[in-house]
Amino acid sequence: MVKLSSKTSYYLLLLTAFVLLLPMLFLVLWSFSDQWMYPSLFPEKVALKSLNQMRLDPSFFPAVVNSFFIAIATTLISLLIAMPAAKYFSLQKLLAPRWIEVMIYLPLILPAIAIVTSTQTLFLQVHLTGTFFGIILIHTYFCLPYAMQILLESYRQLGEGYQLTAESLGAKPWTIFWSITWPLMRPGLTTAASLVFIVSFSQYLPTFFIGGGKIITLPLLLLPYANNGRFGLASMYSVVFLLCTMLGVFILKKAIGGVTYGTER
């Protein structure tokens with residue numbers, strides 16, 4: 001394995017940061033540009049027109065609140081399902097790991113449009129179309145594989161040793177979970193929660209079909225502007241979208257990893 005010098009690592013880090021931040025820089029420039037014509041490298045006119053238009057949109061603030069509510073609810077439900085399921089699959093001996101991976105990734109392998117349209121037909125019959133609960137359910141379907149895969153690997157690394165030792169010393173199941181399993185699983189839980197939140201926050205197609213136009217989220221506002229060539233407004237919504245996802249991930253990290261109980265990993 002080739003070891004890089006500290007100077008080379010520093011330059012690689014700068015290059016990576018440049019590649020990551022350059023698109024964001026242009027996103028911000030587009031957000032505040034009033035006139036930007038080829039071949040100019042930078043906007044010829046800067047204005048707050050896009051910001052004011054976004055702020056005055058009556059759907060903007062409800063869309064932000066809806067996006068946060070749906071993403072947080074989807075994250076909590078996904079973790080509640082994924083934690084016991086991942087623990088079972090990590091310890092069972094009947095199914096080979098390859099079959100487990102196929103089961104986990106099946107919702108992502110199947111065509112999303114087919115799943116969404118068939119789900120919409122079912123939800124229409126049970127009156128879940130146009131409801132928050134219906135959207136959260138379909139989001140959970142698409143987000144659960146991400147949580148499952150991360151937590152499955154976390155449980156495999158954790159193993160049974162700590163639990164069996166605690167049981168032999170007379171610890172109760174809840175004490176074992178709160179004092180041993182939870183602290184050791186927090187890195188995996190934080191990663192899974194952050195990824196599920198971002199994926200749910202970004203969902204467009206499931207929200208559009210299952211929401212039935214009654215529930216508006218940020219992606220539903222953003223994409224039409226981008227498709228219609230209104231890049232200034234689309235960029236402004238994208239900046240807000242980015243800030244909201246960063247805030248959501250920060251809150252989840254503080255909520256899951258901010259307080260220490262029992263053993264630290």
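As the model is predicted, local features need pLDDT of at least 70 and side-chain atom pairs count only at pLDDT 80 or more, while totals for chains, interfaces and linings use all residues.

Begin with the annotated regions: the unreviewed UniProt entry gives the annotation "transmembrane region" to residues 12-32, 60-81, 102-124, 130-148, 189-211 and 231-252, with positions in the numbering used here, feature names shortened, and the caution that annotations may be inferred rather than shown by experiment. Select residues 60-81, where the chain is 100% helix and 0% strand and the end C-alpha atoms are 32 Å apart. Then select residues 130-148, which are 89% helix and 0% strand, with end C-alpha atoms 28 Å apart. Helices (H or I, at least four residues) and strands (E, at least two) are DSSP runs, numbered from the N terminus.

Next, turn to the aromatic rings, of which the structure holds 17 pairs. Rings of Phe, Tyr and Trp (its six-membered ring) pair if their centres lie within 6.5 Å, and planes under 30 degrees apart count as stacked, over 60 as edge-to-face and the rest as tilted. Select Phe69 and Phe132, whose ring centres are 5.4 Å apart and whose planes stand at 90°, so this pair is edge-to-face. Because Phe69 lies in helix α3 (residues 60-91) and Phe132 in helix α6 (residues 132-158), the pair ties together parts that are 63 residues apart in sequence. Phe69 counts as partly exposed at 45% relative accessibility, and Phe132 counts as partly exposed at 30%; buried means under 20% relative accessible area, exposed over 50%, and partly exposed in between (1.4 Å probe, protein chains only).

Now select Phe201 and Phe241, which form an edge-to-face pair because their ring centres are 5.2 Å apart and their planes are at 65°. This pair links distant parts of the chain, with Phe201 in helix α8 (residues 173-202) and Phe241 in helix α11 (residues 231-257), 40 residues apart. Phe201 is buried, with a relative accessible area of 1%, and Phe241 counts as buried at 17%.

Leaving aside residues up to four places away in sequence, Ser67 touches Phe201, Thr217, Leu218 and Pro219, where contact means heavy atoms within 4.5 Å.

Finally, select Phe60, Phe61, Tyr225 and Tyr237, which form one aromatic cluster.

Terms used: Residues numbered from 1 in each chain as written. Heavy atoms only, no water.
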